[in-house]
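Please look through the sequence and the three-dimensional model shown here, and then follow the explanation below, which moves from single residues to the groups they belong to.

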Amino acid sequence: MLVSVEEYIARFVDGGEKPTCEYEDGELIPKSMPTKKHSQVQVNIAVLSRTRYTETLNPLTELTTRLRETQFYVPDLAIEDLAKPIQGRYPGPNDPVLLCVEIISPPDRVGKLFGKCEAYHKWGVPYCWVIDPERKIAWEYFPADLEPRKIEETLTAGPIHLGFEDVFWRV
């Protein structure tokens, strides 16, 4: 059953119905339920970004993003560049954020999350990270790269530099 953009916004954006779903061309896409490790990584990145880059960046968890008129994704973490602040309740088609972070939860597949990174890049997001809290590995995905880069020490996105010991703290 297809769902209209208006119904999606009324139910999942304005109405706050759970579980959080994403939306693409009339289809609802359920998000995986986060695990404790997923949540810990999400909090770690948000807190580190907030404390280290408080004057320039704003970390936002589970922010609804409108990539185009009929595509809404909810990255686990979006980092807003305060030099280019979000203009509305959520960023729209001409209002991309600096970084989108996707954190793997069962039954997520890495390839599916890389596909989301491709969509974020088409929207205008310059940096994407995909993080696996179970295996403590991560990938940086940039628009110009043909393949995601597996990272083993420090995640980088423009001005952001976060070491694995901080990202995976208590995981």
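Cys128 is buried, because its relative accessible area is 0%, and buried here means a value under 20%. This residue is found in strand β8, and the model in which we see it is a predicted one. When neighbours up to four places away in sequence are not counted, Cys128 touches Leu99, Cys100, Cys117, Tyr120, His121, Trp139, Glu140 and Tyr141.

In soluble globular proteins, nonpolar side chains tend to be buried together. The largest nonpolar core in this model has 31 residues, and those with the most contacts inside it are Tyr8 and Tyr120. The elements that give two or more residues to this core are α1, β1, β5, α3, β8 (127-132) and β9 (137-141), and the element that gives the most is α3, with six residues. Apart from this core lies another one, made of 24 residues, among them Leu48, Ile79, Leu98 and Ile103.

Tyr8 leads us to the helix α1, which runs over residues 5-14 and has as its buried residues Val5, Tyr8, Ile9, Phe12 and Val13. These residues lie on the same side of α1, because they cover an arc of only 110° around the axis. What covers the buried residues of α1 includes the strands β1 (21-24), β2 (27-30), β4 (65-68) and β5 (71-73). Leaving aside neighbours within four places in sequence, Tyr8 itself is in contact with Val3, Val13, Cys21, Glu22, Tyr23, Leu28, Phe72 and Val74.

What happens to the chain just after α1? There, Gly16 takes a positive phi of about 70°. Gly15 has its place in the loop between α1 and β1, and this residue is exposed, because its relative accessible area is 53%, where exposed means over 50%. Its contacts, once neighbours within four places in sequence are left aside, are with Ile9 and Ala10.

Is Gln40, a residue of the model, buried or exposed? Gln40 is buried, because its relative accessible area is 19% and the cut-off for buried is under 20%. The place of Gln40 is in helix α2, which covers residues 36-52, and when residues up to four places away in sequence are not counted, Gln40 touches Trp169, Arg170 and Val171.

We come finally to the empty space. Rolling a probe the size of a water molecule over the atoms shows where empty space is left. In this model, about 250 Å³ of space lies in the largest pocket, which is lined by 20 residues, with Lys31, Ser32, Pro34, Glu62 and Asp76 lying nearest its centre. The elements that give two or more residues to this lining are β2, β7 (99-103) and α3 (110-123), and the largest share, three residues, comes from α3. By kind, the lining residues of the largest pocket divide into seven nonpolar, four polar and nine charged.

Methods. Residues are numbered from 1 along each chain as its sequence is written. This is a predicted model: local features need pLDDT of at least 70, side-chain atom pairs count only at pLDDT 80 or more; totals for chains, interfaces and linings use all residues. Side-chain values use heavy atoms; hydrogens and water are left out. Buried means under 20% relative accessible area, exposed over 50%, partly exposed in between (1.4 Å probe, protein chains only). Helices (H or I, at least four residues) and strands (E, at least two) are DSSP runs, numbered from the N terminus. The arc is that of the directions from the helix axis to the C-beta atoms. Contact means heavy atoms within 4.5 Å. On a 1 Å grid over the protein atoms alone, a cavity is a set of points where a 1.4 Å probe fits but cannot get out, and a pocket is an open set with protein on both sides within 12 Å along at least five of seven lines; lining residues have an atom within 4 Å of a point. Grid points are joined across faces, edges and corners, and a volume is the space filled by probe spheres set on the points. Ala, Val, Leu, Ile, Met, Phe, Trp, Tyr, Cys and Pro count as nonpolar, Asp, Glu, Lys and Arg as charged, and the others, Gly among them, as polar. A nonpolar core is a set of buried Ala, Val, Leu, Ile, Met, Phe, Trp, Tyr and Cys residues joined through side-chain atoms within 4.5 Å.
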